[in-house]
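Subject: Structure for you to look at

Hi,

Here is the structure I promised to send over. Please open it alongside this email.

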Amino acid sequence: MAEKRDYYEVLGVAKDATADQIKSAYRKLAMKYHPDRNPDNPEAKEKFTEVSEAYEVLSNPEKRQRYDQFGHQGVNFGPGGFDFGRDFSHFEDVDLNDILNSFFSGGGFGGGRGGFSSFFGGGGRQRQPDPEAPRRGDDLTYRLDIDFDEAIFGSERTIDLTIPGQCPECHGTGAAAGSRRVTCSTCHGHGVVIGGGGFFQVRQTCPKCGGEGSVIEKPCRKCHGAGQVAAPAHISLKIPAGVDTGSRLRLAGKGAGGLRGGENGDLYVLIGVRESDIFVRDGLDLGVDVPVSPVLAALGGTVEVPTPEGAAQLKIPAGTPNGKVFRLRGKGVPNLRGGFAGDLDARVVFEVPANLDRKQRAALEEFQRVATPSTFPQAQTFANKMRVFFAHKEKLGK
């Protein structure tokens, strides 16, 4: 996955750019790369999503502060490892006319829609979502690093998290008992406020009600009007055999609690697998280096090879060279989808004898004495190539 670009670089603004400069830069880029203007250009679609994501962060003072301090990590991950990042693909559904209309106020430049799009913080007359309606909780992402063995064999874990759940006192309404929502006195129920004057006016999300058009008379004392409180959660997780780094396990209903009776979101566990001390993994296939005595390789014999199913007996033919690879079919990683398992490649690696006693050394010296050039054909071939090389050098007079 490509590394994300700096958000200021994406919008082409300085790090000390004002809110108006950020908004202006975003509007120009959004109009340039909008899918309606580039129907057959996937690169423009990616650019549009990228600038939308950058604006989402830099236009929000709190998110911008976190981004300036911690970079992308500060806005993609909240407390406890949860991913609160947003999906920006929905911006593709915004009509290009809405982007153009957002430059103007409601008098005479409405574009025939009875109001203006809220895409850029405008939208004065559009219908606001019902603030009393149930709302589904957010999906959360938690990263879990596991050992290589767990990924191969599967395991069961209990993870301890702190998850925002529906406030038990106000049941997710955010309002204290006997309190209710009333029309926002700042935007008068529109959810937006208008700044500037004359021909050019700017619409922004109401800072008091956050665009909902209403506020709570008396916030709940437990959740302070948020409708949610953080609570510890102990979640059982079954890790299936065959997972790999990047695998994502979905736990339905284990995410953030819903508001006003809405259903809970889901929890996604993103798996990271630590490296193995024995194996190298490539998809469903495994590779392993097997230390073998040169004597066994010369005479032939049997060695043990580790596999996910247990130790396998591998027959080594006489005269096996160093580096020879033997493929064990179906002895690799189990298939998550229930298909065939991968293969295992066992590579023979000669181990030079060490810590020889006198008798062993004498035996090797005797072998060296009786060995002939034909005993080591590869060494003989290499020596012949050397002679040709130096003969060529002599012929060239070098």
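Below is what turned up, from the whole chain down to single residues.

Please keep in mind that this is a predicted model.

The fold holds ten helices and 15 strands. Take the contacts between residues at least 6 apart in sequence: 63% of these join residues at least 24 apart.

At its start, a side-chain oxygen of Asn-41 comes to within 3.1 Å of the backbone nitrogen of Glu-43. The buried residues of α3 include Ala-44, Phe-48 and Val-51. Ser-52, Glu-53, Ala-54, Tyr-55, Glu-56, Val-57 and Leu-58 are also among the buried ones.

The surface patch: Phe-382, Met-386, Phe-389 and Phe-390 form a nonpolar patch on the surface. Together they have about 450 Å² of accessible area. Phe-390 is found in helix α10, residues 377–395. Is Phe-390 buried, partly exposed or exposed? Its relative accessible area is 45%, so Phe-390 counts as partly exposed. The cut-offs here are under 20% for buried and over 50% for exposed.

Best wishes

How values were computed. Residues are numbered from 1 along each chain as its sequence is written. This is a predicted model: local features need pLDDT of at least 70, side-chain atom pairs count only at pLDDT 80 or more; totals for chains, interfaces and linings use all residues. Side-chain values use heavy atoms; hydrogens and water are left out. Patches are made of residues with over 30% relative accessible area and no salt bridge: like charges are joined within 9 Å, nonpolar side chains (Val, Leu, Ile, Met, Phe, Trp, Tyr) within 5 Å. Accessible areas come from the Shrake-Rupley method with a 1.4 Å probe; for residues, only the protein chains shown count as cover. A salt bridge is a side-chain nitrogen of Lys or Arg within 4 Å of a carboxyl oxygen of Asp or Glu. Helices (H or I, at least four residues) and strands (E, at least two) are DSSP runs, numbered from the N terminus. Buried means under 20% relative accessible area, exposed over 50%, partly exposed in between (1.4 Å probe, protein chains only). A polar contact is a pair of N or O atoms within 3.5 Å; within protein, one must be able to donate a hydrogen and the other to accept it, and residues adjacent in sequence count only if both atoms are side-chain atoms. Contact means heavy atoms within 4.5 Å.
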